[in-house]
Amino acid sequence: MRASVLVGFMAVSACIACIAHGGNFYQDTEMTWGQGRGKVVDGGRGLDLSLDRASGSGFQSKDEYLFGKIEMQMKLVPGNSAGTVTTLYLSSQGDAHDEIDLEFLGNVSGEPYTLHTNVFTRGRGQREQQFRLWFDPTAAFHTYSVVWNPRHVIFAVDGTPVRDFANREARGVAFPRTQPMRVYASLWNADDWATQGGRVKADWARAPFVASFRGFSADACVWSGGRSQCPVGTMEEAGGGGGWWNQQLSDASYRRMRWVQRKFMIYNYCTDAKRFPQGRGVPAECRLRR
């Protein structure tokens, strides 16, 4: 086991409590902004965020986590969603924060959403990968998830992996491993850049825009009192190779991810010739094989 991973293991080796949240937004989340534009619905089983010309809205998990599997079912703004951004992300605090992003960039009616992903470590991001979704994310709820363990950050859509940010600390690449993070979600106006580079603005005559959330699940190690408390069985699963703690892409999962990337990826920072002309300055992780 690499030293960097061993440190992460030791940080949670004293986990004793069963802490796996999910299903009730009253118990597991709190509104952070929006002045009443975010509302818990269906007896706590769902939450709606709304956006109008005056403000968007957002919520956060009550707990902080250090590693886990985070899932959320989401139904995005229907119709002309140009200029809107719906987000689901994990983040720590401060200028040197870590962050794991999923952002859904709206579009004009009939045009596909863009899924924008990013990973920040110690305050540095600029690791963007973008995808067109291969279904209508406004017609029904779909499940978006992040597996975050000491070796991988795996983004998935309805169980299909779309991105794997692997721990390459041994090669000098920073990895989000030491800072506990909360889960955040928001709906906000970004019509200065979100749709066709800002050329298409939000149609406020269609406001309020609404994005819906349900099925929040955090099978995760909760950070409390300076240590992580993991769900019962996490360490046993780790020792046996099962569960999210040791999760990595199987050969079949890797092939599915590569298929998605070939068919639906529209931007990859690693291949941005404008950012890295003639390959100069390409980040180290972009040059490493699986």
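Predicted model: local features only at pLDDT ≥ 70, side-chain atom pairs only at ≥ 80, totals over all residues.
Q: Ok, which residues does the "active site" annotation cover?
A: E99 and E103, according to an unreviewed UniProt entry. UniProt positions are given in the numbering used here, feature names are shortened, and annotations may be inferred rather than shown by experiment.

Q: Where does E99 sit?
A: In strand β8, residues 99–105. Strands (E, at least two residues) and helices (H or I, at least four) are DSSP runs numbered from the N terminus.

Q: And E103, which strand is that in?
A: E103 lies in strand β8.

Q: Is E99 buried or exposed?
A: Buried, at 13% relative accessible area. The cut-offs are under 20% for buried, over 50% for exposed and partly exposed in between, using a 1.4 Å probe and protein chains only. E103 is buried too, at 15%.

Q: What does E99 touch?
A: Leaving out residues up to four places away in sequence, its contacts (heavy atoms within 4.5 Å) include Y89, N118, F120 and M181. For E103, the list includes V85, T114, H116 and W193.

Q: Which side chain makes a polar contact with that of E99?
A: H97, at 2.8 Å. A polar contact is a pair of N or O atoms within 3.5 Å; within protein, one must be able to donate a hydrogen and the other to accept it, and residues adjacent in sequence count only if both atoms are side-chain atoms.

Q: Switching to H152, what is its side chain paired with?
A: D164, through a polar contact of 2.9 Å. H152 is in strand β12 (152–157) and is buried at 11%.

Q: How many disulfides are there?
A: The search finds 2, taking cysteine sulfur pairs within 2.5 Å. One joins C221 to C230 with S to S at 2.1 Å, and the other joins C270 to C286 at 1.9 Å.

Q: Why is the C270 and C286 link called left-handed?
A: Because the torsion about its S-S bond is about -70°. The C221 and C230 link is right-handed, with 105°.

Q: Is C286 buried or partly exposed?
A: Partly exposed, at 21%, whereas both C221 and C230 are buried.

Methods. Residues numbered from 1 in each chain as written. Heavy atoms only, no water.
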